[in-house]
Amino acid sequence: MSFFITCKEATYLSSLKEAGQLNFKQKCKYFVHINFCPPCKRFEKQLKKIRDSILEFKNKVKQHPPYKMSASKRESIQKELDNY
Amino acid sequence: MKMNVLDPKNWLDKYADYFVSLAMLKVANRALAEDIVQDTFLSALTHIANFRGEASEKTWLLSILNNKIIDSYRKKDVLKNSTDYLTQTSDSFYSNFFNKETFNEAHWKIEKAPNDWLPEQEAKMNSTEFFAIFSLCLKKIPEKLRVIFIAKYIDELDAKEICKENEISSSNYWVMIHRSKLLMRECLDKNWFNV
């Protein structure tokens, strides 16, 4: 079994790494690959950035919802709630 | 213990925009998002007797909203036959991104290899415009993969929970996460970072 892995495998392992589920052998292989392969390193970094921005957005949505419910929809729902 | 009570007359003011925004993230369709929220409130009204006052009103409504959103984007048995699906589409999927595995060299296709993102575009990844693009990219991901991507990245569930809830094996899970990440990154790359 080769010590070197492909980019396909490295990008696959990056999810296991994020979840802390790499075994020792996989860790070594991943670490070696990522240090010699800028695109795979970017892949990991960019996915982390995507994840962080989703979390940030979810928090922001609570304080300042970017979308507003349309007035007509609001009205028709309010009628139903008032009937209750 | 303080018992929580429901106050339907104020639901719209308190939650309407927040819920519509949450739904938009996953369904990327304004009319559908509003329908889902309406459905949530009406369904809450009809099940008002089930509210025991242990959770807060907001938590209770959010759980109904989440179920309604899930119902809207996934069919009941969407993850059935995942193994067949993943096997049958494997070659055609990966050959989009990587060169053929000769001599163990399945490296990135040159035009698909991730490049650095522009810092000024990265800085705007918390904007509403970015999330409009994100939601559209989400919609483009094949349904089976999308369900898993949303569970992990938006609902923040861990691998075990997702496998259990969707009745998929852990090896299928990791393959689906791998694929959905490749697709999402590429779509954002094209539509947000290289415009």
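**Figure 1. Chain B of the predicted model is built from nine helices and zero strands.** From the N terminus on, the order of elements in chain B reads α-α-α-α-α-α-α-α-α. The C-alpha trace of chain B spans about 65 × 40 × 30 Å along its principal axes. Of the 195 residues in chain B, 33% are buried. Among contacts in chain B with a separation of 6 or more, 67% are between residues 24 or more positions apart.

**Figure 2. The side of chain B that touches chain A draws on several helices.** In this interface, 45 residues of chain B are in contact with 38 residues of chain A. Helices α1 (11–27), α2 (30–46), α6 (128–140), α7 (143–154) and α9 (170–193) of chain B each supply at least two residues of the side that touches chain A. The most is given by α1(B), with nine residues. Classed by residue type, the side of chain B that touches chain A holds 29 nonpolar, seven polar and nine charged residues.

**Figure 3. Helix α1 of chain A is mostly covered.** This helix comprises residues 7–18, 12 residues in total, and reaches 17 Å from its first C-alpha to its last, close to the 16 Å expected at 1.5 Å a residue. Nine of the 12 residues of α1(A) are buried, namely C7(A), K8(A), E9(A), A10(A), T11(A), Y12(A), L13(A), S14(A) and S15(A). Within chain A, the buried residues of α1(A) pack against α2 (24–36) and α3. In chain B, they pack against α4 (82–94) and α9. After α1(A) comes G20(A), whose phi is positive, near 65°.

Figure 4. L47(A) counts as buried because 21 C-beta neighbours lie inside 10 Å, the cut-off being 20 or more. S15(A) is 32 residues from L47(A) along the chain, and the C-alpha atoms of the two are separated by 9.5 Å. S15(A) is itself one of the buried residues of α1(A).

**Figure 5. L61(B) is a buried residue in helix α3 of chain B.** The helix that holds L61(B) runs over residues 57–73. L61(B) is classed as buried because 24 other C-beta atoms lie within 10 Å. Apart from residues up to four places away in sequence, L61(B) touches Y15(B), T40(B) and A44(B). The C-alpha atoms of L61(B) and V5(B) are 12 Å apart in space, while the two residues are 56 apart in sequence.

Figure 6. Most residues other than glycine have a negative phi. N81(B) is placed in the loop between α3 and α4 of chain B.

Definitions and conventions
Residues numbered from 1 in each chain as written. Chains lettered and ligands numbered in written order. Predicted model: local features only at pLDDT ≥ 70, side-chain atom pairs only at ≥ 80, totals over all residues. Contact = placed C-beta atoms within 7 Å. Helix = DSSP H or I, 4+ residues; strand = E, 2+ residues; numbered from the N terminus. Nonpolar A, V, L, I, M, F, W, Y, C, P; charged D, E, K, R; others polar. Expected span 1.5 Å × (residues − 1).
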